Amino acid sequence: MMTVVKMKIVIDTREQTPLDFERYDCEVVRGGLATGDYAVVGLESLAAVERKSEEDLLGCLTRERPRFERELARARGMELFAVVCETTWERLASGQYRSQMKPHACLQSLLAFQVRYGVPFYLVGSHAAAAYCTYHLLAKFVAEQETRLKAVLANVAA
């Protein structure tokens, strides 16, 4: 019989406005992550989530683009890597942001990154929605890993 262990999320020490997971069934610790801002303790090399505020996202599409693309390339080897953005497609499409970047260029960059690096971008609209999305992405990844492990153990026992 397996013991149920509460999921433990590690938040990167460089994360300046950490998501609040108080309402979710998990523990939270701070630590250094090579890739991403959020991961599950013990699975950091397999899955991570990068959180972006609207301002940070626009910076990553302009002045910080080379560094951001290096991070996306580094994440290619992970089973799950996603970028959760605290903005909406509509805000970006209408240029309702503080940047000289044209809306079309912004949207085209997001689409290109998804195709080039195989990384989904979730435009969730708010900090609270980013916490919801991040928690549930990581929880679903953990559940899939548990299912795989059970299948392996069943095959070994057979």
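A residue is called buried when its relative accessible area is under 20%, exposed when over 50%, and partly exposed in between, as judged with a 1.4 Å probe on protein chains only. Cysteine 60, with a relative accessible area of 0%, is therefore buried. The structure is a predicted model, in which local features need pLDDT of at least 70 and side-chain atom pairs count only at pLDDT 80 or more, while totals for chains, interfaces and linings use all residues. Residues are numbered from 1 along each chain as its sequence is written, and side-chain values use heavy atoms, with hydrogens and water left out.

**Overall architecture**

- The protein has five helices and six strands; helices (H or I, at least four residues) and strands (E, at least two) are DSSP runs, numbered from the N terminus.
- Read from the N terminus, the order of elements is β-β-β-β-α-α-β-α-α-β-α.
- The C-alpha trace spans about 60 × 30 × 25 Å along its principal axes.
- Of the 158 residues, 41% count as buried.
- Contact means heavy atoms within 4.5 Å. Among contacts between residues at least 6 apart in sequence, 63% join residues at least 24 apart.

**Nonpolar cores**

- A nonpolar core is a set of buried Ala, Val, Leu, Ile, Met, Phe, Trp, Tyr and Cys residues joined through side-chain atoms within 4.5 Å.
- The largest such core has 25 residues, and Leu72, Phe81, Val83, Leu92 and Phe121 have the most contacts inside it.
- Helix H1 (54–61), H2, strand E5 (80–86) and helix H4 (103–117) each give two or more residues to this core, and H4 provides the largest share, five residues.
- A second, separate core of 19 residues includes Leu19, Phe21, Ala82 and Ala130.
- Beyond its neighbours within four places in sequence, phenylalanine 121 is in contact with Leu57, Phe68, Leu72, Val83, Cys85, Leu110, Phe113 and Gln114.

- Helix H1 is mostly covered, with six of its eight residues buried: Glu54, Leu57, Leu58, Gly59, Cys60 and Leu61.
- The cover over these buried residues includes E4, H2, E5, helix H3 (89–93), H4 and E6.
- Cysteine 60 is placed in helix H1; not counting residues up to four places away in sequence, cysteine 60 touches Lys52, Arg65, Arg67 and Phe68.
- Lysine 52 is found in strand E4 and counts as buried, at 2% relative accessibility.
- With residues up to four places away in sequence left out, lysine 52 touches Leu57, Cys60, Arg67, Phe68, Val83, Val84, Cys85 and Glu86.
- Cysteine 60 and valine 124 are 64 residues apart in sequence, and their C-alpha atoms are 17 Å apart.

**Helix H5**

- Helix H5 covers residues 127–157, and its 31 residues should span 45 Å at 1.5 Å a residue; the end C-alpha atoms are 45 Å apart, which agrees. The expected span is 1.5 Å times one less than the number of residues.
- The buried residues of H5 include Ala130, Tyr135, Leu138, Phe141 and Gln145.
- Among the elements covering the buried residues of H5 are strand E1 (7–12), strand E2 (26–31), strand E3 (38–40) and strand E6 (121–123).

**The second largest pocket**

- On a 1 Å grid over the protein atoms alone, a pocket is an open set of points where a 1.4 Å probe fits, with protein on both sides within 12 Å along at least five of seven lines; lining residues have an atom within 4 Å of a point.
- The second largest pocket has a volume of about 370 Å³, a volume being the space filled by probe spheres set on the grid points.
- Its lining has 18 residues, of which Arg14, Asp37, Glu50, Lys52 and Asp56 lie nearest the centre.
- Strand E4 (47–53) and helix H2 (65–75) each supply at least two lining residues, and E4 gives the most, with four.
- The lining divides into two nonpolar, five polar and 11 charged residues. Here Ala, Val, Leu, Ile, Met, Phe, Trp, Tyr, Cys and Pro count as nonpolar, Asp, Glu, Lys and Arg as charged, and the others, Gly among them, as polar.

**Partly exposed positions**

- Alanine 112 lies in helix H4 and is partly exposed, with a relative accessible area of 26%.
- Glycine 95 is in the loop between H3 and H4 and is partly exposed, with a relative accessible area of 28%.
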